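Please examine the sequence and the three-dimensional structure shown below. The paragraphs that follow lead through them step by step.

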Amino acid sequence: MSEIETIYEENKRLLTHIAYHMLGDINDARDAVHDVFTRNLGLDTFDRVENIQAFLCKSVTNRCLDVLKSGTRKREVCVGTWLPEPLSVNEDPLDVLIRKHTLSYSFMFLLERLSPVERVVYILRSAFEYPYEQIAEILHKSNPAVRKIFSRSRQKVQEGSMREEETEVENELSEAFIKALETGETSIFLKLLTEDVTYYAEGGGELPIARKPLPYKAFVQLFTYLSQQVQHSSYKDLQMVSVRINTGYGVLLKRNEEPLAIVTFKSENGMIVDIYNQTNPMKLKMTGAAL
């Protein structure tokens, strides 16, 4: 293995993790990391760098910023609601660092409220605990300017939802969702919904899904219909299991080991305030394989 290949192998997981939080898509994240190595870097570049990891993080961040500003971003042509790709985080002790710097799925969705620069500043500061001085150097901005951007971005996303604290509650919500669909008894699960709950779905333009967010009454009708359909014999081979997604839990639906959807929840005080249904085959491919 060459020296540059060694550097790549040693840093690709951290770099991909940073890029995922910037872009919300694992394949896009991997492309960004790959671009940094293939287009901009050579062995002589590393010879001039004191801290290789810091240099790579800066390079990947700037590459992600270019993608975020690009008018050809995939999410801009998405049919319906754009949702981030679910991230499977292993329980392996080697993943402790990765889990520490992982945002909840619901918070990844909230980050769409931010401009590209706000998103970069917020993620580097809140998720990866970068000092303001280092963020300022990466973005070629002053320290006071970065602090102001961070304060503005924090107000936009209403900090407090970044990492889910109620992981066991999320697991219970996932199990309640599964039980309702398996038995057709939906009343218990529906009681866990707040009246202002919102349902979001993405099908990647390939599947018939709700193209607009659904409010409480519309979701109740949809869920009741789905539970009735699951009871039909053609759905008997449908499998549902509670799985770890980002920092919390969600429901993986699959048939013949092929992932069909990943449903996650945003909860407050044990009640569901948002539901996210990711059915885009391209986004399920990587996550489903890991689960």
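What percentage of the 291 residues of the chain count as buried? The figure is 50%, where buried means under 20% relative accessible area, exposed over 50%, and partly exposed in between (1.4 Å probe, protein chains only). This is a predicted model, in which local features need pLDDT of at least 70 and side-chain atom pairs count only at pLDDT 80 or more, while totals for chains, interfaces and linings use all residues. Residues are numbered from 1 along each chain as its sequence is written, and side-chain values use heavy atoms, with hydrogens and water left out.

The chain has 13 helices and five strands; helices (H or I, at least four residues) and strands (E, at least two) are DSSP runs, numbered from the N terminus.

Asn246 lies in the loop that joins β2 (238-245) and β3 (248-255). This residue counts as buried because its relative accessible area is 3%. Its side chain makes a polar contact, at 3.2 Å, with the side chain of Tyr20. A polar contact is a pair of N or O atoms within 3.5 Å; within protein, one must be able to donate a hydrogen and the other to accept it, and residues adjacent in sequence count only if both atoms are side-chain atoms. The side chain of Asn246 also reaches the backbone oxygen of Leu103 at 3.0 Å.

The charged end of Arg244 sits over the ring of Tyr249, 5.1 Å from its centre, which requires CZ of Arg, or NZ of Lys, within 6 Å of the ring centre and within 35 degrees of the ring normal.
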